[in-house]
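Have a look at the sequence and the fold, then read on.

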Amino acid sequence: MIGLATEVTHKIYTMCMIQDGTKVLLMNRPNRKGFPGYIAPGGKVEFPESIVNGAIREVKEETGLTVTEIVFKGIDEYCDPRQGLRYMVFNYLATATEGELLKNPPEGDLLWVDMKEALNLPMQDWFKRRFPLFFEPGTFEVSSVWLAETDETLEATTKNYGV
């Protein structure tokens, strides 16, 4: 039995896949930013903003685009019982935006890529697993219990609540 932390910390983040026809907008995060490789825009939800407004703000800050159509796609959470950490990522799909891409984006270079080619780009394994879930009908739930110190997954659950 794993020892459980006596206090729990919740961290709430967003990720927003931006789709335009058969292309998606990804950013190439450099090593110095953590999670290097291609990833969708997103970040920490600021208190007391709503989660969806956090996703829209993060897209604007990281890409320069204003989201005009957005849908909730699912939640991805990681729990570390020893640290008492529950890290929750609320995932969205944006299918319409306005504005121009930033010339010097703060989180990494931006690239429109065909959805069928996206998984050929270098990216974190967890993002590669999550990527197709954005485009399936309905919503998804991914939950993992893992030990950060050893990077060991103790339990993993993935559900798709299709329409």
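In which helix is R57 found? It's in α1, with helices (H or I, at least four residues) and strands (E, at least two) taken as DSSP runs numbered from the N terminus. This is a predicted model, where local features need pLDDT of at least 70 and side-chain atom pairs count only at pLDDT 80 or more, while totals for chains, interfaces and linings use all residues. Residues are numbered from 1 along each chain as its sequence is written, and side-chain values use heavy atoms, leaving out hydrogens and water.

**Around R57**
- R57 counts as buried because its relative accessibility is 17%, and buried means under 20% relative accessible area (1.4 Å probe, protein chains only).
- Beyond its neighbours within four places in sequence, R57 is in contact (heavy atoms within 4.5 Å) with K44, V45, E46 and E49.
- The R57 side chain gets to the backbone oxygen of K44 at 2.8 Å.

**The strands**
- β5 and β6 run antiparallel, joined by 13 bridges; strands pair if DSSP finds at least two bridges between them.
- In the hairpin of β5 and β6, G84 has a positive phi near 70°.
- β5 also runs parallel to β8, with six bridges, and I75 stands opposite E141 there.

Key. Buried means under 20% relative accessible area, exposed over 50%, partly exposed in between (1.4 Å probe, protein chains only). A polar contact is a pair of N or O atoms within 3.5 Å; within protein, one must be able to donate a hydrogen and the other to accept it, and residues adjacent in sequence count only if both atoms are side-chain atoms.
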